[in-house]
Amino acid sequence: MPVYELFCLARPQLAKEQLASLIKTACTSVFTNNGVLTEVQSYDLRDLAYPIRKAGSKYEQAMMWQMQFLVKPEALPEIHRDLHINEDVLRWIVTKKRQHPVMLNTHSVSKAAQRLLDRRGMARPTSAEQHVAPH
């Protein structure tokens, strides 16, 4: 399952209990689709870079929160639907987290290079050959 990150802006008038309920709703959508929640962070009330208009109101602040989760891609429409119908949600975005490549150590890189040279029938340069400057 891929790792996703949800970042959400909610109405600034929300009480802590209402915000917790909103987060719980998003978490429940993940759990009902056999997903796993890995992280939840709340940033409380923050000023926005620009005002957001929604349902005839103008918001210059919002309650911000994010969560990371693993879920099958087929479950994303349900999560989007739940956020879309909730009147307390101003904006949200779900992004797929990149999987970082495995970091190789120099020994394994050296061994892989040697195997490649061996397959091509090339000899590995000796340390004396490596230090000779070309003329």
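How many residues does helix α3 have, and how far does it reach from its first C-alpha to its last? Hi everyone, let's start there, keeping in mind that this is a predicted model. Helix α3 covers residues 106-119, which makes 14 residues. From first C-alpha to last, α3 reaches 20 Å, close to the 20 Å expected at 1.5 Å a residue. Just after α3 comes Gly-121, with a positive phi of about 75°.

Now to the packing. The largest nonpolar core has 22 residues. Those with the most contacts inside this core are Leu-6, Leu-19, Leu-22, Trp-65, Met-67, Phe-69 and Leu-76. Helix α1 supplies the largest share, 6 residues.

If you have the structure open, click on Leu-22. Setting aside neighbours within four places in sequence, Leu-22 is in contact with Ala-10, Leu-14, Trp-65, Asn-86 and Val-89. There is also another core, lying apart from the largest one, with 7 residues. Among them are Leu-9, Leu-48, Ala-62 and Leu-90.

Last stop, the cysteines. How many disulfides does the structure hold? The count is 0.

How values were computed:
Residues numbered from 1 in each chain as written. Predicted model: local features only at pLDDT ≥ 70, side-chain atom pairs only at ≥ 80, totals over all residues. Heavy atoms only, no water. Core = buried A, V, L, I, M, F, W, Y, C linked by side-chain atoms within 4.5 Å. Buried < 20%, exposed > 50% of the residue type's maximum accessible area, 1.4 Å probe, protein only. Helix = DSSP H or I, 4+ residues; strand = E, 2+ residues; numbered from the N terminus. Contact = heavy atoms within 4.5 Å. Expected span 1.5 Å × (residues − 1). Disulfide = S-S within 2.5 Å.
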